[in-house]
Amino acid sequence: MITTAFTRRFALATPVVGAPMAGVAGGALARAVSLGGGLGMIGVGSATPASFVTEQGAIPRGDGLPFGVGLMAWVLPDRPELLEATIAATPDLVSVSFGDPAPWVPRLHDAGIAVAAQVNTVVDLHRALIAGVDVVVAQGSEAGGHTGHRATLPLLQEVLALTDRPVLAAGGIATGAGMAAALAAGAAGVWIGTPLLSCPEGLNSPEARQRVRAATGEETVLTRAFDVAEGVAWPERWPGRALVNDFSRVWHGREDELVHDADARQLVVDGRRTGDPATAPVYAGEAVGLVTTERSATEVVRELDAGAELALRAVAGLLS
Ligand SMILES: Cc1cc2nc3c(=O)[nH]c(=O)nc-3n(C[C@H](O)[C@H](O)[C@H](O)COP(=O)(O)O)c2cc1C
């Protein structure tokens, strides 16, 4: 059994967090991750209704399983009801990522809820530490979904040198050996999203899951094109990593032009509605090439845990 400061704090059987992925991670996915011994999280996007948090949180909670909720800091000033619904759902962990978590930490702590923040730079880290977060997540640019520009391993090492709080590694981890590498570097656990994109418990469509299984690790792009097309107010410093498709091939890097091309933007809006993966974004990270079968999230977590334990034992065997 792998024990870290993170597993001890949340009484987990393995230091694996199922990332809060808006549009994918609802209560069923969170429940399946927690059943595997990890901590499953529910993703809340900029347009997610507050009732979603209430309904989805009841799924893992109803089974007595731990769970978390992932909020986005830049969304909360306009949508304070998301924080209220989150607190009422009594999660074990709430992440406040992509912006300054400081305004939201006291309310969560007053409610007895631990707080995590994904950080993409050292400046983000200092801001999160000053805000008083309990858990830091070093999110590298290999990650699926919105992320920064620094790679996981150098960011993780720098973050670890600057704090004693538990640090989780996010971005590009999809095998037991990869998880072992993060733990060997000093992480207290891993925060995985892409490895869960082909799980039947996800809210993503069967077509999106099929695209994930078919994609290689070379077929992702870190782009603002989809956000510009969909008119989402994501701050520019966090582009999104998605599978390359017909739309991104034409418009990635031409976002300034895209702003003025309503017909092109409409392609993505229509693609979202009809579920057309040629134009709608399928957010996924560089580890997507390792996701080739449809498997329950419980199995994904158990396999990661078992593989990491084997790898850690093998690594210890390198010592003479
Ligand atoms: C489809 C998708 C949606 C995501 N949505 C969110 C989100 O709503 N909130 C958040 O904090 N992170 C979100 N993320 C980022 C994850 O929390 C996490 O950092 C990332 O998945 C880890 O890297 P990996 O994809 O290589 O495992 C999302 C990631 C993906 C793939």
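Two strands pair if DSSP finds at least two bridges between them. Strands (E, at least two residues) and helices (H or I, at least four) are DSSP runs, numbered from the N terminus. This is a predicted model, in which local features need pLDDT of at least 70, side-chain atom pairs count only at pLDDT 80 or more, and totals for chains, interfaces and linings use all residues. Residues are numbered from 1 along each chain as its sequence is written, and side-chain values use heavy atoms, without hydrogens and water.

**The open sheet**

E10 and strand E11 (residues 240-243) pair in the antiparallel sense over four bridges. Within this pair, Val221 stands opposite Ala242 in E11. Both strands belong to an open sheet of three strands, in the order E7-E11-E10, with antiparallel pairing. Its edge strands are E7 (145-146) and E10 (220-223), each of which pairs on one side only.

**The barrel**

Eight strands close into a barrel. Their order is E1-E2-E3-E4-E5-E6-E8-E9, and the pairing is parallel. Neighbouring strands of this sheet are turned against each other by 25 degrees on average, direction ignored. Strand E2 (residues 39-43) runs parallel to strand E3 (residues 67-72), and four bridges join them. Here Ile42 stands opposite Val69 in E3.

Helix H2 (residues 27-35) lies across strand E1 (16-18) and E2. H2 runs at about 165 degrees to E2. Such angles run from 0 to 180 degrees between N-to-C directions, with axes fitted to C-alpha atoms, for helices over the stretch in contact. Contact means heavy atoms within 4.5 Å.

**The ligand**

Which residues come nearest to the ligand? Of the 18 residues around it, they are Gln118, Gln139, Gly172, Gly193 and Thr194. A residue counts as near if one of its heavy atoms lies within 4 Å. The shell divides into 10 nonpolar, eight polar and no charged residues. In this scheme Ala, Val, Leu, Ile, Met, Phe, Trp, Tyr, Cys and Pro are nonpolar, Asp, Glu, Lys and Arg are charged, and the others, Gly among them, are polar.

| Residue, backbone atom | Distance to a ligand oxygen atom |
|---|---|
| Ala22, N or O | 3.1 Å |
| Gly144, polar atom | 3.0 Å |
| Gly172, polar atom | 2.7 Å |

The protein covers 96% of the 610 Å² of accessible area that the ligand has on its own. Accessible areas come from the Shrake-Rupley method with a 1.4 Å probe.

Note on methods. Polar contact = N/O pair within 3.5 Å; in protein donor to acceptor, adjacent residues only side chain to side chain.
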